[in-house]
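I'm opening my notebook on this one and jotting things down as I look them up. Let me get the model on screen.

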Amino acid sequence: MGNTQISLPALSAKIYQEWLPKTVLVQSCDDAYEGEFNLETREIDIPVYHDLSIHLTTLKEAELKPASIEFVKASTKRVSIDKGRYAHWGQTEVGKLMSRLSAEDSEVRKKLVNKWAVEAEKELAQWCALLPSGQEIDLITALTVADTNANGLLGTGNVMQALDILKAFAINNNMEPSEFKFFVSEKFESVLRDSKLVLASVSADEAFRSGSVGVVNSVDIRRHNVASITTRNSSTHIVESEWGIWKTKDGIQYVVPYKNTVSYEISPTEVLMGGTGYQTVEYYDFFNLYPSRLYKVKIRYAGTSNPPTSF
């Protein structure tokens, strides 16, 4: 590999570090886990955080007694990792593909990274779209007005009402709306643009900025590019309905506890002069351990269109 030599595990880590920032939904998830990944049982421990108690007391003499100390991290939940992805390629004695993969400007690696990012986003978005009805916010029904908006369309005149409804779901569950982010297609962004609303910038303290549209009505709005959770016009491909995703960072735990690249020899009977085969592998999975911190949002922009219900 010459000056571009890199170890196989390091190559796997590099690929992960490059595809993750290209995502919006996946990057917004909590990726914390504890301990070593057990390859035999495929199990990993995910930290589960609980609320601290507020203790009420009086200030009368001798009545103040300290409650037992509480820790923010109360427990872990053991989960089984059930998903994997891999890329399979080879190098001949002539080609030296691995050198091209590890090079900083590797076109081969760029294509791999882009494909993994797109597939990861699509898989997670579709999983959210299939959440049970108890985790659905139906804006079509909520915005329906018999005389003026019989189809429950979201548009410039009621987009602020729609955002108020999202915040109300969080408040009703005793949560702070500012913890949530709203993930939608480019159509929602165009509604905001046509409404001529002033979009505030994401806070400078916000480390995660991917897909940022802006902050409207105190709601942080992010644009994704997953077409499969939208229904589009057959001619113009403009979004007519979609599943939005209203979530906190810990609404989805997305863990990738194992990354590696393995190699094996290819005989000269298979490839002229022989060569080496490679597989880059990631084991991963995602979980919703806090159901009240993740919702799918049913949105209609035109006619009687509905977002997809199967994939």
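Predicted model: local features only at pLDDT ≥ 70, side-chain atom pairs only at ≥ 80, totals over all residues.

**Entry 1: the cavity**

Which residues line the largest cavity? I found D30, P47, Y49, D250, Q253 and Y290 around it. Its volume is about 30 Å³. I counted one cavity of 30 Å³ or more. The idea behind the search is simple: rolling a probe the size of a water molecule over the atoms shows where empty space is left.

**Entry 2: the overall picture**

Next I stepped back. I get six helices and 13 strands in the protein. There are 311 residues, and 44% of them count as buried. I also checked contacts between residues with a separation of 6 or more: 74% of those come from residues 24 or more positions apart.

I picked an open sheet of three strands, in the order 4-12-11, with antiparallel pairing. Which strands sit at the edges? They are strand 4 (83-92) and strand 11 (253-266), and each pairs on one side only. From one strand to the next, the twist averages 15 degrees.

Helix 1 (residues 8-19) packs on this sheet and touches strand 4, strand 11 and strand 12. I noted an angle of about 140 degrees between the direction of helix 1 and that of strand 11.

Then I zoomed in on one pair. How many bridges join strand 11 to strand 12? I got twelve, with strand 12 covering residues 275-287 and the two strands running antiparallel. One partner pair I wrote down is I266 with G275, the latter in strand 12. A reminder to myself: strands of a sheet pair through backbone hydrogen bonds, either parallel or antiparallel.

**Entry 3: T261**

T261 lies in strand 11. Is T261 buried or exposed? Its relative accessibility is 3%, and buried means under 20%, so T261 counts as buried.

I then looked at what its side chain does. It makes a polar contact with the side chain of S12 at 2.5 Å, and another with the side chain of T280 at 3.0 Å. S12 and T280 show up again in the contact list of T261, along with L8, L11, Y278 and Q279, once neighbours within four places in sequence are left aside.

**Entry 4: two loop residues**

S28 is in the loop between helix 1 and strand 1 (34-38). A polar atom of the S28 side chain lies 2.6 Å from the backbone oxygen of L25.

T41 is in the loop between strand 1 and strand 2 (43-49). T41 comes out as partly exposed, with a relative accessible area of 35%. I also looked across the chain from T41: I81 is 40 residues apart from it in sequence, and their C-alpha atoms are separated by 8.8 Å.

How many residues of strand 6 are buried? Five of its five residues are, and I wrote the strand down as mostly covered. On one side I see F180, F182 and V184, and on the other K181 and F183, all buried.

Strand 6 pairs with strand 10 in the antiparallel sense over four bridges, and F182 stands opposite W246 in strand 10. Strand 6 also pairs with strand 8, in the parallel sense, over four bridges. There K181 stands opposite D220 in strand 8.

**Entry 5: the hairpin**

I followed strand 8 to its link with strand 7. These two pair in the antiparallel sense over four bridges, and V216 has V219, in strand 8, as its bridge partner. The hairpin has two residues between the strands, and N217 takes a positive phi near 55 degrees.

**Entry 6: helix 6**

My last stop was helix 6 (residues 186-195). Its buried residues are F188, S190, V191, L192 and S195. What covers them? My list includes helix 5 (159-172), strand 6 (180-184), strand 7 (212-216), strand 8 (219-223) and strand 10 (239-248).

Technical notes:
Residues numbered from 1 in each chain as written. Heavy atoms only, no water. Pairing = 2+ DSSP bridges. Axes fitted to C-alpha atoms, helices over the stretch in contact; angles between N-to-C directions. Contact = heavy atoms within 4.5 Å. Buried < 20%, exposed > 50% of the residue type's maximum accessible area, 1.4 Å probe, protein only. Polar contact = N/O pair within 3.5 Å; in protein donor to acceptor, adjacent residues only side chain to side chain. 1 Å grid on protein atoms, 1.4 Å probe; cavity = no way out; pocket = protein on both sides within 12 Å on 5 of 7 lines; lining within 4 Å. Points joined across faces, edges and corners; volume = space filled by probe spheres on them.
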